Amino acid sequence: MPLSPQVLRELERIVGAAGLVVSREGLLTYECDMHTFYKGAPEAVVLPESAQQVAEIVRLCRRDRVPIVPRGSGTGLIGGAMAPEGGVMVSMTRMNRIVEIDFANRCATVQPGLINLWLSQATREGGYFFAPDPSSQMVSSIGGNASTNAGGPHCLKYGITVNHILGLEVVTGAGELLRLGGKAHERPGYDLTGVMVGAEGTLGLVTGVVVRLTHLPESVKTILASFSTIEDASETVSAIIRAGIIPAALEMLDEVVIRAIEEGIHAGYPKGAGAVLLIELDGPAAEIDAQAAPIEAICREHLALEIRVARSEEERALLWKGRKEAAGVFGRLTPNWLLQDAVVPRSKLPEIMRELQAIGARHRVVIANVFHAGDGNLHPLICYDDRVPGELERAKHANEDLLHACLRLGGSVTGEHGVGLDKCESLPLQFAEADLNFMARLRRTFDPDSIMNPGKLLPSHPACGEGFRPAARPLPSGTWI
Amino acid sequence: MAVSTPALHDALAELVGREHLLRDPAGLARYAVDGLVPGVVARPGSGEEVGRLLALCAAERLAVVPRGAGTAQALGNPPRRLDLVLELGRLAGVHEYVPEDMVATVGAGLTLAGLGAHLAPHRQRLALDPPGGGPRSVGGVLATNASGPLRFRYGTGRDLLLGVRFVQADGTLTWGGAKVVKSVTGYDVPKLLVGSLGTLGIIVEATLRLHPMPPATRSWQVGLPSPAAAAAFLAALVDSPLQPDRAVLLDAVGLRRAGLTADPIALLLSIASVAEAVEQQGRALEALARVHRGQAAAVAETAWSALGVAVEAPVLLRLASEPRRLLDWAEAGWAAAGRLGVEIAVLAQPGHGVVEMAVWGSPDLRHLGQDLVRPLRAAVEAEGGSLVVQRAPVELKRSCEVWGSINPEVLSIMKRIKSEFDPDDVLSPGRFVGGL
């Protein structure tokens with residue numbers, strides 16, 4: 001339903017003409033996030049400059065029952081920041097300042113549109129960084145990270161975004177502007193900050209974030225180990241965890257991905273290896289030296305072809321560049337792909353990798369892998385070509401089989417990307433009706449009129465699962481997983 | 001009660017078995033909550049039994065207070081009503097534990113000591129150590145969000161609870177979260193339950209993130225000459241590459257009560273890692289202490305288990321503020337002690353801005369509310385902090401709100417959540433913030 005001229009006038013009054021996008025071309029930019037299958041442009045995009053403006057926008061939309069879709073940098077992978085029902089999109093890109101860096105309390109207060117990496121850059125000289133490091137960190141926003149509870153390679157050691165959020169300023173779906181949590185690490189009452197993080201904009205909009213800053217490690221060691229098979233690499237991961245060592249990051253890339261990275265980025269990964277593990281240790285120098293030895297021994301026991309330690313910061317950066325920009329080279333592999341984010345218990349990694357290969361063979365699709373092995377968080381990339389009849393269907397079947405296999409092993413539907421529009425249909429695989437009902441009722445307490453990001457996160461909404469149509473063109477390069 | 005007591009007891013007995021109901025007055029007195037004696041205590045043997053009990057209680061509008069080991073029953077406002085205490089000690093099983101996953105799913109009634117004994121052969125642990133916590137139940141520790149020195153590295157129950165099975169007020173058995181270490185599927189329901197004091201649901205099972213037991217651990221008591229020296233040492237410590245896994249600050253009274261070496265003020269620290277790193281960091285720690293005119297002396301592991309005694313006072317306050325203000329608030333406590341003629345032991349969580357004050361020897365408790373709790377709370381709340389009366393005789397609780405003031409708009413959402421999930425006020429009525 002198109003927005004009434006009166007609503008548009010009121011929106012303009014709130015954010016000014018420069019903060020309102022209504023032209024057809026202008027809105028096209030906002031029709032999808034990085035999950036380009038799901039398209040749905042809003043009727044208007046507003047770019048507020050303050051929390052008060054956000055609150056006014058929500059109150060206006062609530063009055064007229066207009067859907068609101070929050071958006072940070074639009075790097076999400078789940079169709080979360082697109083507007084299946086039209087309405088108003090609230091883009092936080094103009095609220096991108098660091099409000100305060102408070103080293104004495106080891107925290108920072110930022111606006112939601114602030115780019116993740118900027119904060120670590122701004123605090124590095126003081127000896128600190130912001131630990132959550134989604135691969136998109138050079139472009140994704142901290143408000144978006146908080147709303148999706150983003151992960152990243154180093155959350156194996158440091159925890160995911162929620163472990164680093166001390167407080168939020170939010171506008172609920174009811175239009176209340178609230179400060180939850182803050183610099184004090186605990187306060188009486190229900191943990192509404194914890195509930196808001198990862199709520200994907202379905203409870204309200206994040207307008208400010210107080211984050212914890214983490215001391216930079218004294219020393220870092222990055223090890224690359226290559227293996228002839230993915231089974232050997234998987235067994236190595238399980239053995240490292242079993243030995244009681246939790247590295248800062250423990251990432252796996254398979255042969256298909258290694259080849260694409262080497263063609264695109266030249267990160268120095270060994271071509272021809274069946275799998276590569278990128279293992280990073282950080283902390284006190286004596287500790288990481290003592291941990292590196294058993295890790296290298298475990299790699300050798302599992303028939304590593306090569307074990308290489310980055311000798312300089314440049315070498316280390318290059319190894320990480322290959323990993324962090326891996327998804328950007330997928331265009332070299334395949335015209336189209338489906339991406340999963342399921343998790344398995346870490347002891348089940350070898351088992352799920354065998355299953356994954358069987359599923360690929362059964363449905364005759366290539367499944368490429370680059371993922372957070374230490375957490376058991378898979379990112380299988382199911383390749384297909386939508387110009388070839390039947391390939392999309394085969395890919396979808398492989399996708400389903402794989403998800404079911406992960407859940408059968410006791411896993412979870414999504415480890416870090418979130419649910420969005422993409423995965424809400426899958427929630428009943430993980431949760432019983434009573435569990436989903438609890439969540440739906442929780443949602444209503446924040447958003448009584450169901451205006452916040454409708455159709456996302458929970459399966460009850462009719463829009464869920466609809467709108468799935470292949471993109472007209474291949475996915476853009478510069479996607480991060 | 002809506003039904004006659006014998007009929008109700010028969011119905012309860014049918015659900016849990018007569019041997020798991022406690023009805024004799026002398027026994028029931030031991031389960032009193034802030035002086036309110038329940039009509040009956042039930043000891044369910046499974047989450048399903050908890051569900052059936054709560055469904056019955058909801059139908060009869062009975063007020064229920066859950067109880068784990070019973071060590072933290074003092075926390076909260078006096079309940080508005082109390083009919084039944086639900087004792088969860090029988091839910092003490094380890095339901096799933098694959099050491100390679102470093103995840104365990106356990107019954108809420110399992111004690112921390114029991115869980116520890118189960119994990120130790122696999123050299124793993126749950127990194128939660130509230131003072132005196134061995135006998136405490138997993139469910140109780142989560143519901144009260146209790147934490148201890150290990151918070152310094154591993155956080156609290158909020159960071160360690162991956163999945164939770166709980167029973168809603170109407171008896172519906174519900175699950176939230178996941179059984180893997182990383183999941184963002186749906187809302188983070190476990191976070192909502194942690195610290196909710198049994199007012200939204202009763203935790204019956206918890207899936208917990210575990211950590212490897214470090215290969216080597218050493219502990220130190222760093223004695224410091226003054227609060228100013230302690231503040232400077234603390235600031236330098238958190239800003240250094242040193243990575244203690246446990247840290248707690250104790251004042252002279254706290255040290256004496258815990259039976260530790262006398263110092264004007266001291267930090268108890270431990271470093272846990274591979275042996276080489278423990279040694280190297282230990283040397284760095286001793287050097288850093290000297291810079292701040294402190295003395296780092298090695299202490300035995302038993303020093304940590306003595307902490308519970310230091311806070312075993314009739315009155316216990318918990319103050320949370322900006323981390324950098326830790327010593328300032330401790331000083332405010334000492335000043336008040338001198339003024340009021342009471343003894344206060346300070347036990348604080350460095351890096352987290354949490355100061356616990358254990359108070360002994362006040363003859364007039366209302367006096368304490370007026371002269372200690374209220375002014376201290378007003379000052380810390382003005383800075384965005386809080387002061388919770390963790391434990392106190394009921395007269396003191398009534399003379400000064402237990403939880404302090406909550407922003408009215410934030411409280412209104414909490415009220416909406418409570419009335420959505422417990423509209424008839426079955427679960428711990430009145431015990432939580434704002435009388436929830």
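User: How many helices and strands does chain B have?

Analyst: Helices (H or I, at least four residues) and strands (E, at least two) are DSSP runs, numbered from the N terminus. Chain B has 17 helices and 19 strands. The radius of gyration is taken over C-alpha atoms, and the globule rule is 2.2 Å times the number of residues to the power 0.38. For chain B the radius of gyration is 22 Å, close to the 22 Å that the rule gives for 436 residues, so chain B is as compact as a globular protein of that length. The C-alpha trace of chain B spans about 70 × 55 × 40 Å along its principal axes.

User: On what conventions does this reading rest?

Analyst: This is a predicted model, in which local features need pLDDT of at least 70 and side-chain atom pairs count only at pLDDT 80 or more, while totals for chains, interfaces and linings use all residues. Residues are numbered from 1 along each chain as its sequence is written, and chains are lettered from A and ligands numbered from 1 in the order in which they are written.

User: What share of the residues of each chain counts as buried?

Analyst: A residue is buried if 20 or more other C-beta atoms lie within 10 Å of its own, exposed if 12 or fewer, and partly exposed in between, with C-beta atoms placed from the backbone. In chain A, 61% of the 481 residues count as buried; in chain B, 58% of the 436 residues do.

Contacts are read from the C-beta atoms too: two residues are in contact if these atoms, placed from the backbone, lie within 7 Å. Among the contacts with a separation of 6 or more, residues 24 or more positions apart account for 74% in chain A and for 70% in chain B.

User: Is B:L119 buried or exposed, and which residues does B:L119 touch?

Analyst: B:L119 is buried, because 22 other C-beta atoms lie within 10 Å. This residue is found in helix α4 (residues 112-119) of chain B. Leaving aside residues up to four places away in sequence, B:L119 touches B:Q124, B:R125, B:L126 and B:L210.

User: Where does A:G127 lie, and which residues does A:G127 touch?

Analyst: A:G127 lies in the loop between α4 (116-124) and β7 (128-129) of chain A. It counts as partly exposed because it has 14 C-beta neighbours inside 10 Å. Not counting residues up to four places away in sequence, A:G127 touches A:H215, A:L216 and B:D239.

User: How many residues does the contact take from chain A and from chain B?

Analyst: The size of an interface is often given as the accessible area lost when the parts come together. Here the contact is described by residues: 72 from chain A and 65 from chain B. On the chain B side, α17(B) gives the most, with 7 residues. By class, Ala, Val, Leu, Ile, Met, Phe, Trp, Tyr, Cys and Pro count as nonpolar, Asp, Glu, Lys and Arg as charged, and the others, Gly among them, as polar. The side of chain B that touches chain A divides into 29 nonpolar, 20 polar and 16 charged residues.

User: At what angle do the axes of α8 and α10 of chain A cross?

Analyst: Axes are lines fitted to C-alpha atoms, for helices over the stretch in contact, and angles run from 0 to 180 degrees between N-to-C directions. The axes of α8 (residues 230-242) and α10 (residues 285-301) of chain A cross at roughly 145 degrees and come within 9 Å. In this contact, A:T236, A:A239 and A:I240 of α8(A) meet A:I295, A:I298 and A:C299 of α10(A). The residues involved divide into 5 nonpolar, 1 polar and no charged.

User: Which domains does the assignment give for chain A?

Analyst: Domain bounds come from an automatic or database domain assignment. For chain A the assignment gives domain 1 (5-91), domain 2 (98-215), domain 3 (219-324) and domain 4 (330-446). The C-alpha centres of domain 2 and domain 3 of chain A are separated by 29 Å, and 5 residues of domain 2 are in contact with 8 residues of domain 3.
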